[in-house]
Amino acid sequence: MKINGVIVRVPAKVNLQLAVGPLGDDGYHEVTTVFQAISLYDEVSVRHGEAGEGVQLTISGPTSSGVPVDSSNLAVRAADLMISRYGLATDISIHLKKEIPVAGGMAGGSADAAGVLVGIDSLFELGLSRDELERIAAELGSDVPFSISGGIAIGTGRGDRITPALSRGSYHWVLALSGHGLSTPAVYKECDRLREGLTIARPQIGDAMMQALRAGDPKALGKALTNDLQPAACSLRPALRLVLDVGMEYGALGGIVSGSGPTVAFLVADEEKSLDLTVALSASGVVSGVVRASGPTHGARVIETL
Ligand code: ATP
């Protein structure tokens, strides 16, 4: 039976560790990172469009405001790439239902691009393997391959070369959201400014992080969370230091700016602690919203055919 469309669910990510190397001659930084996919999702529907209309994009959802609907949207770029790579019919209609914060350091745009790749693969019955999808994903952005794979994985290169990490257990997160996003390039630039004159080592994942994941030990993981971009994000947005302090004061096992921020992710011991911290952060007045999530969860996956 021919399908008219598919709906793909794609998770946000947190970086449990983000190690940033020196600025390279090509203007990029080598990074080594540990990603975890968490249960905060965008839904991407991909359908055959009306003849002659080309790629059409519409967006809804609580975090849709200000997201571009033109060809600069990563979802449209993903569709254009698939159309030219596989010679597909160009009339594709995409709808994004956004829940992932925009410019929040949680790979929202990357999630949508991954959703389109998986959606088009399924709609046109291309039969691409996960490896092939991840290779195409890397052409669109560093975080897109992980949005395809999900789970817990180590990213090297620009974060786009993904290897699944040995890990156990599941983790509870409380995410402290900010009203305004931070630009990833601006945070990297500030990181370079703060590091001026220092010798920066090649990025590596710490043993404590890998041991905590293998053991499935939230307490040890809380202590092992690190992010080399955190000083830069806090320098551009000093209020983040206050958010981190409040979270730790109210019982988080660890807290970290997620990626380039400004979302702050707190790891907590269990469901009850997650509720307590949600209440404390909401009452503190230092955050614009609080979301509870758990991880790891799956990567981009078709949840419905239309
Ligand atoms: P990362 O964690 O991968 O650095 P991020 O979560 O900080 O990314 P995004 O939500 O991906 O940031 O958005 C960054 C910018 O990309 C936005 O300000 C927006 O202008 C643009 N953008 C393009 N496509 C999308 C999309 N589908 N959803 C959200 N933003 C998009």
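This is a guided tour of a predicted model, one selection at a time.

**Stop 1: the two domains**

Start by colouring residues 5-166 and residues 171-295 separately. These are domain 1 and domain 2 of the chain. Between their C-alpha centres there are 23 Å. Where they meet, domain 1 puts 32 residues into the contact and domain 2 puts 39 residues.

**Stop 2: the largest pocket**

Next, select Ser-110, Asp-143, Thr-184, Pro-185 and Ser-260. They lie nearest the centre of the largest pocket, which has 44 lining residues. Its volume is about 1,100 Å³.

Look at H5 in particular: with five residues, H5 gives the largest share of the lining.

Now colour the lining by residue type. You will find 18 nonpolar, 18 polar and eight charged residues.

**Stop 3**

Clear the selection and pick Thr-63, Pro-101, Val-102, Ser-178 and Gly-179. These residues lie nearest the centre of the second largest pocket. That pocket is lined by 16 residues and holds about 260 Å³ of space.

How does its lining divide by residue type? There are six nonpolar residues, ten polar ones and no charged ones. Check your domain colours again here.

**Stop 4: strand S4**

Select residues 92-97 to bring up strand S4. Show the side chains and compare the two faces. Ile-92, Ile-94 and Leu-96 form the covered face. Ser-93, His-95 and Lys-97 form the uncovered one.

S2 runs antiparallel to S4, and six bridges join them. Zoom in on His-48, which stands opposite Ile-92 of S4. Then turn to S3, which runs parallel to S4 and is joined to S4 by six bridges. For an example, select Gln-56: its bridge partner in S4 is Ser-93.

**Stop 5: Pro-68**

Move on to Pro-68. This residue sits in the loop that links strand S3 (55-60) and helix H1 (74-86).

Is Pro-68 buried, partly exposed or exposed? Its relative accessibility is 37%, so Pro-68 counts as partly exposed.

Show what surrounds this proline. Setting aside residues up to four places away in sequence, Pro-68 touches Leu-57, Ile-59 and Asn-73. For a sense of scale, draw a C-alpha to C-alpha distance from Pro-68 to Pro-203. The two are 135 residues apart in sequence and 33 Å apart in space.

**Stop 6: Tyr-86**

Finish on Tyr-86, in helix H1. Tyr-86 has a relative accessibility of 32%, and therefore counts as partly exposed.

Which residues does Tyr-86 contact beyond its neighbours within four places in sequence? Select Leu-126, Leu-128 and Ile-136 to see them.

Conventions: Residues numbered from 1 in each chain as written. Predicted model: local features only at pLDDT ≥ 70, side-chain atom pairs only at ≥ 80, totals over all residues. Heavy atoms only, no water. Helix = DSSP H or I, 4+ residues; strand = E, 2+ residues; numbered from the N terminus. Buried < 20%, exposed > 50% of the residue type's maximum accessible area, 1.4 Å probe, protein only. Contact = heavy atoms within 4.5 Å. 1 Å grid on protein atoms, 1.4 Å probe; cavity = no way out; pocket = protein on both sides within 12 Å on 5 of 7 lines; lining within 4 Å. Points joined across faces, edges and corners; volume = space filled by probe spheres on them. Nonpolar A, V, L, I, M, F, W, Y, C, P; charged D, E, K, R; others polar. Pairing = 2+ DSSP bridges. Domains from an automatic or database assignment.
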